[in-house]
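Visitor: Could you walk me through a few local features of this model, with the criteria behind each term?

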Amino acid sequence: KVSDAATFLKEVFGTAELFTVEGVEGQIKRTLVSGLSDAIAESKIPALDLAANYDELKNMLKKSVFLMFAAGLTLFINAECLAVPLAKLFVGYDEELLELTVSCFRISVLGYIITGFNIFSSSFFTALNNGLISALISFLRTFVFKLSAVLLLPVLFGIGGIWWAEVVAEIAAFILSVSFLFAKRNKYHYM
């Protein structure tokens, strides 16, 4: 649990004088992905051998999915708890702006719950030597879905729609990832 947001941010960013909400989000996501990579590496199964070891592959998938959702939920809960202290660091001088920032931050962090799963899905197909599916998940998630949501949601729901863009893009990527995992389960025998 983080008891002092300023101390937490200094530990994450070191001596940097300037950091943004996006920077904090990026650092948290990088930490999550790094932890996943370490878990896969600790399994000591070469990436090319994963498909040949079905039981271990099933076990790794199950544990990784659990880990991704648990970590995503933990990040979400922490972000919700830290919304006000983090926002005060940046816009504490203006009560109306503070309220808007906290509200928008709380919307945007909803995607944390499934972001790790989406990143993992792309990495998982890379490990299975299926670069096409890996690239599709990654490209559609980080470019097509986000760009579409950024352009479309404000048109449909007004300026507030922009804050839902990240969440909607992650949901679309989640649906795509789950679809690919189910579509390829018989080929790779991980389910």
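This is a predicted model: local features need pLDDT of at least 70, side-chain atom pairs count only at pLDDT 80 or more; totals for chains, interfaces and linings use all residues.

Guide: Residues are numbered from 1 along each chain as its sequence is written, and side-chain values use heavy atoms, with hydrogens and water left out.

Visitor: Is Ser64 buried or exposed?

Guide: Ser64 lies in helix 3 (residues 54-91), where helices (H or I, at least four residues) are DSSP runs numbered from the N terminus. Buried means under 20% relative accessible area, exposed over 50%, and partly exposed in between (1.4 Å probe, protein chains only). Because its relative accessibility is 5%, Ser64 counts as buried.

Visitor: Which backbone oxygen does the side chain of Thr115 reach?

Guide: Thr115 has its place in helix 5 (residues 112-127), and this residue is buried, with a relative accessible area of 2%. At a distance of 2.7 Å, the side chain of Thr115 reaches the backbone oxygen of Gly111.

Visitor: How many Å apart in space are Thr115 and Phe174, C-alpha to C-alpha?

Guide: Along the sequence, Thr115 and Phe174 are 59 residues apart. In space, taken from C-alpha to C-alpha, the separation of Thr115 and Phe174 is 8.0 Å.

Visitor: Is Phe139 buried, partly exposed or exposed?

Guide: Phe139 lies in helix 6 (residues 131-157). The relative accessible area of Phe139 is 44%, so this residue is partly exposed.

Conventions
Helices (H or I, at least four residues) and strands (E, at least two) are DSSP runs, numbered from the N terminus. A polar contact is a pair of N or O atoms within 3.5 Å; within protein, one must be able to donate a hydrogen and the other to accept it, and residues adjacent in sequence count only if both atoms are side-chain atoms.
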